[in-house]
Amino acid sequence: MKFKTDILSLSLKELSDFIVELGEKPFRARQVFKWLHQRGSSSFDEMTDISKKLRAKLEESSNIKNVSMVEKFISKEDNTTKYLFQIENDYIIESVLMKYEYGNAVCISSQAGCAMGCSFCASTIDGLERNLTAGEMLSQVYEIGKDLKERISNIVIMGSGEPLHNFDNTIKFLELINSKDGLEVGHRHITLSTCGIVEKIKELEKMRLQITLAVSLHAPNDEIRESIMPIAKRYSIDELILAAKEYADFTKRRVTFEYALIKGVNDSVECAKELAERLKGSLCHVNLIPVNDVKERNYIRSSDETVNDFYKVLKRLNIDVTVRRKLGSDINASCGQLRKKYIGNY
Ligand code: SAH
């Protein structure tokens with residue numbers, strides 16, 4: 001079978017080179033690019049202002065590898081909608097739409113499955129299935145935008161997968177989503193969440209993008225962190241916090257530290273004090289998330305009272321902190337839960 005180009009993952013310049021190789025004029029590239037990235041076309045037939053000859057050539061030599069919706073779940077509790085999408089090779093990924101007063105935010109997946117092995121996370125139970133292409137990350141945003149018929153203004157890369165473990169495709173996604181001839185979502189409206197691959201945070205910082213960094217910290221020290229996150233054995237918590245601090249210094253944007261509160265594991269007042277001590281003086285913000293119960297591990301969400309005590313300690317010690325409202329808990333709108341349920345293992 002002839003190799004076909006993944007056209008949705010090409011930058012405008014790459015698309016232009018590709019079109020020249022097909023014997024056409026380079027300016028056609030912008031037209032095709034706009035069909036793909038502004039209108040979210042899923043077939044070349046839709047591109048009515050492009051000659052039939054070029055459409056046939058594109059069809060023969062490339063694929064539009066978009067994601068296709070399998071199911072959608074609308075929360076009755078809040079303005080959250082969860083989408084299950086199928087990608088090539090029949091893998092299932094999930095994305096979430098959150099409607100806020102300031103606009104529509106989409107949470108996308110960067111990988112099918114995940115290799116990181118965090119013990120409280122449903123996305124990683126079967127390991128990594130595969131990396132998503134830049135086009136498949138974009139397509140989650142485009143499909144939700146088309147379904148909603150409204151502009152998507154904010155993006156969080158916080159669905160399944162570790163974006164910094166799929167670094168090149170994630171960078172390509174960030175370039176394309178920001179493109180003038182595409183959706184043009186500003187980098188300041190994008191947050192990337194990582195479990196803390198320190199060398200990749202440094203690499204990201206060198207790229208001088210203005211995206212906001214979120215770090216899944218979940219513990220106040222190495223010992224607890226290592227017991228729930230394998231990545232903590234590779235990088236110490238001090239190294240990680242330092243890398244996050246340097247990132248914030250450069251972007252002048254607060255880093256968010258995510259902290260899922262798990263009953264009896266990381267939710268004591270001592271933990272809160274130790275965390276505050278570690279974060280003192282950093283331009284940061286702590287987002288407390290009562291963990292979603294993981295029945296395989298016997299992990300239980302901390303009580304409201306414990307969450308409140310933890311919050312108050314941080315606040316008293318001058319750490320900027322919020323408690324994340326539970327979004328779409330009636331539709332399993334977090335971290336691989338719905339997908340697991342769909343494919344029958346959860
Ligand atoms: N790999 C990236 C992004 C995907 S996970 C990262 O680790 O940040 C998105 C967020 O959901 C992370 O903060 C992750 O730690 C958190 N998370 C995973 N499982 C959870 C659960 N059961 N309850 C609450 N938060 C969870």
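**Group meeting: a predicted chain with its ligand**

I'll open with the contacts. In the protein chain, 67% of the contacts with a separation of 6 or more are between residues 24 or more positions apart. This is a predicted model, so please keep that in mind throughout.

Next, the overall fold. The protein chain has 11 helices and 14 strands. Along the principal axes, the C-alpha atoms fill a box of roughly 70 × 40 × 40 Å.

On burial, 56% of the 346 residues in the protein chain count as buried. The accessible surface of the chain comes to about 15,700 Å², and carbon and sulfur atoms hold 48% of that.

Now the ligand. Which residues are closest to the ligand? They are F120, S193, S216, H218 and N292, out of 16 residues that surround the ligand. Sorted by class, this shell has seven nonpolar, seven polar and two charged residues.

For H218, a polar side-chain atom lies 2.5 Å from an oxygen atom of the ligand. How much of the ligand does the protein bury? Taken alone, the ligand exposes 530 Å², and the protein buries 95% of that.

That's what I have for today.

How values were computed. Residues numbered from 1 in each chain as written. Predicted model: local features only at pLDDT ≥ 70, side-chain atom pairs only at ≥ 80, totals over all residues. Heavy atoms only, no water. Near = heavy atom within 4 Å. Polar contact = N/O pair within 3.5 Å; in protein donor to acceptor, adjacent residues only side chain to side chain. Areas by Shrake-Rupley, 256 points an atom, 1.4 Å probe, with all protein chains shown as cover. Nonpolar A, V, L, I, M, F, W, Y, C, P; charged D, E, K, R; others polar. Helix = DSSP H or I, 4+ residues; strand = E, 2+ residues; numbered from the N terminus. Buried < 20%, exposed > 50% of the residue type's maximum accessible area, 1.4 Å probe, protein only. Contact = heavy atoms within 4.5 Å.
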